[in-house]
Amino acid sequence: MTTSPPKIFVHTCCTACLSHVYSQLKLAGFEVISYYFHPEIGSQEEFDQRLADLRTFCEEHKIKLVIAEFQPQEFEKTIIPFKDRASLKFINDKERYRRRRCQICNSMVLQKTIEQAKKIRIKYFTTTLLCSPYKDHSQIIEISNEKSLDYSLNFYYEDFRKGYWKGRNYGRNHNVYLPTHCGCLESLKEKRLE
Ligand code: SF4
């Protein structure tokens, strides 16, 4: 009797990162369900561009895709006090502000990923955020471990950063849109200032 592979719910930021993460998870024996959730993306155009390629990739690889609709308001509302000079939460220091903002962002993404996984009874989850060398890797691990305990789910960890450039190359070779900034409007502004 053959048993079906365990399912894993994979929060997905973009196709390039998923291309690497997907191949690793397949090697590890998982059936991947991709979850496109971007509460931080401030532009519909960016949201749609990433999604269009992801739909194609998932169709080609027969990956089930779960899509959360474009809804940037909650994230925006949450970070406003940290950038508002009149607020008690205001953070003047750019690096501290960025770290706090990213913590809120990562936490929001992972919380919703776990809730969705729980809802559709998938026991494992992970995120393509672990593929980026530009993200706070240890912060993502810490939040994921904490939340997985609260929900009795299994967080699958692998250092996917090793395949970051493999994913970018996949994108180039397959005419996939390659994001040039992390996601939120603030990261877009920061990128332009670099
Ligand atoms: S820089 Fe990236 S991780 Fe940080 S808040 Fe923006 S989108 Fe989220």
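Me: Which exposed residues are carried by the face of α6 turned away from its buried side?
Reply: Trp165, Arg172 and Asn173 are the exposed residues on that face of α6. Helices (H or I, at least four residues) and strands (E, at least two) are DSSP runs numbered from the N terminus.

Me: Before we go on, what kind of model is this?
Reply: It's a predicted model, where local features need pLDDT of at least 70 and side-chain atom pairs count only at pLDDT 80 or more, while totals for chains, interfaces and linings use all residues. Residue numbers start from 1 along each chain as its sequence is written.

Me: Thanks! And which residues of α6 are buried?
Reply: In α6, residues 164-173, they are Gly167, Tyr170 and Gly171. Seen down the helix axis, these buried residues fall within an arc of 100°, so they line one face of α6. The arc is taken over the directions from the helix axis to the C-beta atoms.

Me: What covers them, and what comes after the helix?
Reply: The cover over the buried residues of α6 includes α1 (15-27). After α6 comes Asn175, with a positive phi near 55°.

Me: On to α5. How far apart are its end C-alpha atoms?
Reply: They are 21 Å apart, which agrees with the 21 Å that the 15 residues of α5 should span at 1.5 Å a residue. The expected span is 1.5 Å times one less than the number of residues in the helix.

Me: Which residues of α5 are buried?
Reply: Ile140, Ile143 and Ser144. They line one face of α5, because seen down its axis they fall within an arc of 100°. On the other side of α5, the exposed residues are Ser138, Asn145, Glu146 and Leu149.

Me: What do the buried residues of α5 pack against?
Reply: Their partners are α4, β4 and β5 (154-155). Contact here means that the C-beta atoms of two residues, placed from the backbone, lie within 7 Å.

Me: New topic: the largest nonpolar core. Which residues touch the most other members?
Reply: Of its 43 residues, those are Ile8, Phe9, Val10, Val21 and Phe125. Such a core is a set of buried Ala, Val, Leu, Ile, Met, Phe, Trp, Tyr and Cys residues joined through C-beta atoms within 7 Å. Among the elements giving two or more residues to this core are β1 (7-12), α1, β2 (31-36) and α5 (137-151).

Me: Where is Phe125, and what does it touch?
Reply: Phe125 is in strand β4, where it is buried with 26 other C-beta atoms within 10 Å. Leaving out residues up to four places away in sequence, Phe125 touches Ile8, Phe9, Thr113, Ile114, Ala117, Leu153 and Phe155. Phe155 is 30 residues from Phe125 in sequence, with 5.3 Å between their C-alpha atoms.

Me: Last one: what surrounds the ligand?
Reply: Glu40, Arg101, Cys102, Cys105, Asn106, Cys182, Gly183, Cys184, Glu186 and Ser187 do. A residue is near a molecule or strand if its C-beta atom, placed from the backbone, lies within 6 Å of it. The elements giving two or more residues to that shell are α4 (94-119) and α7 (185-193), and the largest share, 4 residues, comes from α4.

Me: How does the shell divide by residue type?
Reply: Into 4 nonpolar, 3 polar and 3 charged residues. Ala, Val, Leu, Ile, Met, Phe, Trp, Tyr, Cys and Pro count as nonpolar, Asp, Glu, Lys and Arg as charged, and the others, Gly among them, as polar.

Definitions and conventions
A residue is buried if 20 or more other C-beta atoms lie within 10 Å of its own, exposed if 12 or fewer, and partly exposed in between; C-beta atoms are placed from the backbone.
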